[in-house]
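Work through the exercises below with the sequence and the model in view. Try each task before reading its solution.

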Amino acid sequence: MSASSDPLNVFKSIISILALIFSIVIICALIFEEQTGLSDDVHPALAFVALWGALLWLSMVEGGQASMVGLPPIDRSLYEKSHPKSWAICEWGHRGDNLNRYLMGRQFMVLALVFIINLSGGPLKDAEVLGLPDVMVDIFLGSGLAMILTTCMLGQLNTQVNASHCMLDFINTHFMTFTLYVAMGIEASGLLHASYLIQIIVAKISGKPIESAEPPRTPLLSLLFWGRVLMSCAILVTAIVYTIGALAAGKTTMWEGVPVAISIILFVSLMSVVGMLEGMQIAFFAVAKLTEQERNATFWSKKTCELLFRGEGHNLPGFMVGRQLMVVSCFFIIARCTTMDIEDGEGNVMGVSDGVQEFFDTGLLGALITTILASIAWQLVASAFPMAFLNNPATYVLLCICLGFQASGICNGAWVIASIHRKIAGFQLDEVYVGTAEERASKQGGGSQSRVDGGM
């Protein structure tokens with residue numbers, strides 16, 4: 001992904017950076033005027049630290065994914081001495097099925113961090129800041145644009161750009177080691193193990209065996225595995241029941257005046273949109289290497305692929321940028337639908353205790369539901385049935401919307417930030433350290449130490 005330097009794109013980049021700076025200013029002003037959830041409930045200093053801490057960690061999580069997925073084909077001995085931390089991370093992270101475990105845990109981390117960002121910097125109802133006119137407040141605060149631009153450009157796209165080309169330098173830090181441990185810990189906890197049940201069901205339906213780089217589980221490990229699956233399913237069902245209960249009672253941070261029925265429909269609809277976008281990403285990469293005849297088997301798959309792979313193939317990375325913007329937009333609205341908010345004098349949701357209600361108010365229930373049902377589940381289905389996604393007219397419509405977002409240049413500032421970050425950090429292309437794929441193949445006789453893992 002790259003932004004060209006023609007005059008139009010330079011203009012878009014300038015506007016994008018100015019919009020980002022303005023967004024950061026008004027978000028910080030909201031925090032210190034105690035007009036965000038966390039600053040109002042606790043203290044502005046905590047909200048400020050939580051916001052920037054979550055953005056920083058999100059940037060590592062997003063960039064780390066690009067590196068972890070891209071490095072398996074490279075012989076680790078080639079960078080053991082030049083990048084010892086990267087080597088140690090990959091030595092453990094690429095062992096057996098650990099990459100898939102990391103990807104599952106990191107998916108929940110992304111949602112949890114976005115929910116924390118929303119709690120820390122998202123405006124309260126009827127918030128006003130810096131004496132701005134109503135139209136500016138509606139555009140940047142009412143629509144969530146300020147939060148979306150800040151999250152996408154600072155927490156996601158800029159590090160994805162750098163990590164996709166400078167994988168070794170990007171993860172050669174103890175911060176990434178800590179991130180890997182947390183992601184693996186989340187997966188090991190069993191919180192997301194309901195996803196494995198979905199994976200097994202999809203594999204049975206598709207007739208495709210589940211590939212693993214590890215030996216079959218022992219009876220004890222199988223018992224522990226299925227115990228965590230049952231626990232995860234129970235937690236997921238509980239989260240859904242209480243979230244729907246809060247929506248039905250009007251006890252969430254949903255915008256005032258939105259009817260309960262519309263809130264529930266919006267929640268389900270946005271979950272489906274996020275799911276489609278997550279599945280489309282997997283499906284597009286799955287069919288990228290198919291022949292044109294194979295891709296164009298049906299009317300909608302032909303229209304989708306003609307648009308996606310038109311010309312020199314720039315629409316595929318363009319879709320990834322637009323998709324990121326659209327997914328984050330949906331995440332913030334889903335966060336409003338699912339984050340509980342109990343007014344003074346109101347009873348707790350479904351009569352739970354105050355301690356349980358305080359936990360519900362963090363928004364983690366929504367993060368769990370979204371991770372499993374709007375992300376991982378759809379990725380698994382798309383991996384098994386990529387052509388079914390291509391033959392869906394909704395896929396073509398969403399592709400057009402994503403390309404429209406990308407063409408607007410609203411996130412072009414991410415490349416400017418990435419360039420500045422790359423120069424300050426001294427990142428270099430991976431080829432500087434390990435050579436090109438062709439050079440490595442000629443030295444190793446075409447071999448490769450590690451398998452390429454599809455991940456999720």
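**Exercise 1: A residue and its contacts**

Task: Find the residues in contact with Ser195, leaving aside its neighbours within four places in sequence.

Solution. Leaving those neighbours aside, Ser195 is in contact (heavy atoms within 4.5 Å) with Met104, Ile372, Ile376 and Leu380. Next, locate the residue: Ser195 is found in helix 10 (residues 194–206). Helices here are DSSP runs of H or I with at least four residues, numbered from the N terminus. Last, classify it: the relative accessible area of Ser195 is 1%, so it is buried. Buried means under 20% relative accessible area, exposed over 50%, and partly exposed in between, with a 1.4 Å probe and protein chains only.

A note on the model: it is predicted, so local features need pLDDT of at least 70 and side-chain atom pairs pLDDT 80 or more, while totals for chains, interfaces and linings use all residues. Residues are numbered from 1 along each chain as its sequence is written, and side-chain values use heavy atoms, without hydrogens and water.

**Exercise 2: Salt bridges**

Task: State how many salt bridges a search of the whole structure finds, then describe the one between Glu62 and Arg106 and the one between Arg323 and Glu278.

Solution. A salt bridge is a side-chain nitrogen of Lys or Arg within 4 Å of a carboxyl oxygen of Asp or Glu. The search finds 4 of them.

- In the pair of Glu62 and Arg106, the closest N and O atoms are 2.8 Å apart. Glu62 lies in helix 3 and Arg106 in helix 5, so the pair ties together parts that are 44 residues apart in sequence. Both Glu62 and Arg106 are buried.
- In the pair of Arg323 and Glu278, the closest N and O atoms are 3.0 Å apart. Arg323 lies in helix 15 and Glu278 in helix 12 (residues 260–287), so this pair ties together parts that are 45 residues apart in sequence. Arg323 has 6% relative accessibility and therefore counts as buried; Glu278, at 3%, counts as buried as well.

**Exercise 3: The length of a helix**

Task: Compare the span of helix 15 (residues 315–338) with the span that its 24 residues should have.

Solution. The expected span is 1.5 Å times one less than the number of residues.

**Exercise 4: The buried side of a helix**

Task: List the buried residues of helix 4 (residues 84–93) and say what they pack against.

Solution. The buried residues of helix 4 are Ser86, Ile89, Cys90 and Gly93. They cover an arc of only 90° around the axis, which puts them on the same side of helix 4. The arc is taken from the directions between the helix axis and the C-beta atoms. An α-helix has 3.6 residues a turn, so residues three or four places apart point the same way. Finally, the buried residues of helix 4 pack against helix 3 (44–70), helix 5 (98–121), helix 8 (167–170) and helix 9 (174–188).

Note on methods. Helices (H or I, at least four residues) and strands (E, at least two) are DSSP runs, numbered from the N terminus.
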